Amino acid sequence: MSKKLSVPGVDVSWKDITPGGIVEAGTCREFKTGDWRSVKPVWKQDACKQCLLCFPVCPDSSIPINKDGKREDFDYDYCKGCGVCANVCPFHAIDMVDED
Amino acid sequence: MAFNLKQEAKKPERLTGGHRMCAGCGAPVVVRGILRALNEEDHAVVSCATGCLEVSTFIYPYSAWTDSFIHSAFENSAATVSGAEAAYVAMKRKGKLPQGETKFIAFGGDGGTYDIGIQSLSGAMERGHNMLYVCYDNGAYMNTGIQRSSATPKYADTTTSPAGKVVPGKPQSRKDLTMIMVNHNIPYVAQTSPLGSKKGGLKDLHEKAQKALYTPGPAFINALAPCPRGWRYDTPRLLELCDLAVDTCFWPLYEVVDGVYHITYFPKEKLPVEAYLKPQGRFRHLFKAGNEHLIENIQKEVDDRWAMLLKLADNA
């Protein structure tokens, strides 16, 4: 295979070409989607049994798990207020309230 | 390989927040479930067919993926990933890569998989690349405004199969892609869905993803991913819809390992298909007086497909 590009009047090898758009991984963290919310989930820590059924069903990865494997309060930077977590919680430990 | 949610929860998140999928979308739940099945130390190379997932998780200069991600077109995500896998195998053979394992995963919606990407998917599976293709099936081209696809269920109302006085939604039945992939004679094919907390939550999806990722050779997973916009249901009910889909046998859960069918979920009580159709606005017209025969028609189709699966399965 020829190392040269067969473009008339252009004499470069593929190594000379500017790489295509390369984006760092995980940069979506810089983009906060929390302001989409019209209702917000409120975690009632006393009622929570730490069953962890809520964290995998969050479409926005907004239920952080700490090093001990326990859930922490919502990450309101990204939570869009869909209410899926409140709906799966077997212990009614998540309330959905209107954003002020 | 048993599923331990507490252990899995400690793994770092591989799909970040900040992507622009709709509130309550089923697709990121599926994606997170698949990626969580990767061993923590393994790398992944991911590509997406054009669709909601692609355009919402990878808006320049933002990427929601913490793994390597390759932008791809509508029809060629399977080809892109299979090429990356072939390059990886060659470089590894020449000793140009450090130790450690890299997994290759392609995601596509039903439009990019059932319709537009089926030739590249079929080719990649036939060539035997060590990769996983995941279809998140929400039953229409949701990204461009709910146009019907070959995965759209019969009689669903979409913008290109609108339900009206003469035509009651999409007239054709849905394509059974999982069975088509089984007939590629690949080592692992599964149909799965995230489920509600009473049905084991993400257990079924996780176990199938783990098997698919760590079975050498090509694997295919078809996962149900409800779409609140296109299905027109109340957003928080995401997992209720999935539960109803499996309990009515509209979306049976099964896996096929080396050609042997195995059903992984039997409903305790098989519900009539109305239970699944009723909460969805796209089927609202079916509940008007005089349309009972349409529901009967859907019920018959669901029953026939379930009966066929029971005949094929080793555990029915």
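Mentor: A:Ser61 lies in the loop between E1 and H1 of chain A. Helices (H or I, at least four residues) and strands (E, at least two) are DSSP runs, numbered from the N terminus. This is a predicted model: local features need pLDDT of at least 70, side-chain atom pairs count only at pLDDT 80 or more, and totals for chains, interfaces and linings use all residues. Residues are numbered from 1 along each chain as its sequence is written, chains are lettered from A and ligands numbered from 1 in the order in which they are written, and side-chain values use heavy atoms, without hydrogens and water.

A:Ser61 is not a glycine, yet its phi is positive, about 50°. Most residues other than glycine have a negative phi. A:Ser61 is buried at 14% relative accessible area; buried means under 20%, exposed over 50%, partly exposed in between (1.4 Å probe, protein chains only). A:Leu52 sits in the loop between strand E1 (39–43) and H1 of chain A. Its phi is also positive, near 65°. A:Leu52 is buried, with a relative accessible area of 2%.

Now follow helix H1 (84–88) of chain A. It is among the elements covering the buried residues of H10(B). Others include helix H2 (27–36) and strand E6 (219–224) of chain B. Nine of the ten residues of H10(B) are buried, so the rest of the structure largely encloses this helix. Among them are B:Leu238, B:Cys242 and B:Asp247. B:Cys249 follows H10(B), with a positive phi near 65°.

Next, the cores. A nonpolar core is a set of buried Ala, Val, Leu, Ile, Met, Phe, Trp, Tyr and Cys residues joined through side-chain atoms within 4.5 Å. The largest has 101 residues, and those touching the most other members include B:Trp65, B:Ile105 and B:Phe220. Helix H10 (residues 238–247) of chain B gives the most to this core, seven residues. Apart from it lies another core of 16 residues, including A:Ile63, A:Phe74, A:Cys85 and B:Phe3.

Finally, the interface. The contact (heavy atoms within 4.5 Å) takes 35 residues from chain A and 37 residues from chain B. The two chains bury about 3000 Å² between them, 65% of it on carbon and sulfur atoms. Buried area is the accessible area (1.4 Å probe) that two parts lose on being put together, summed over both.
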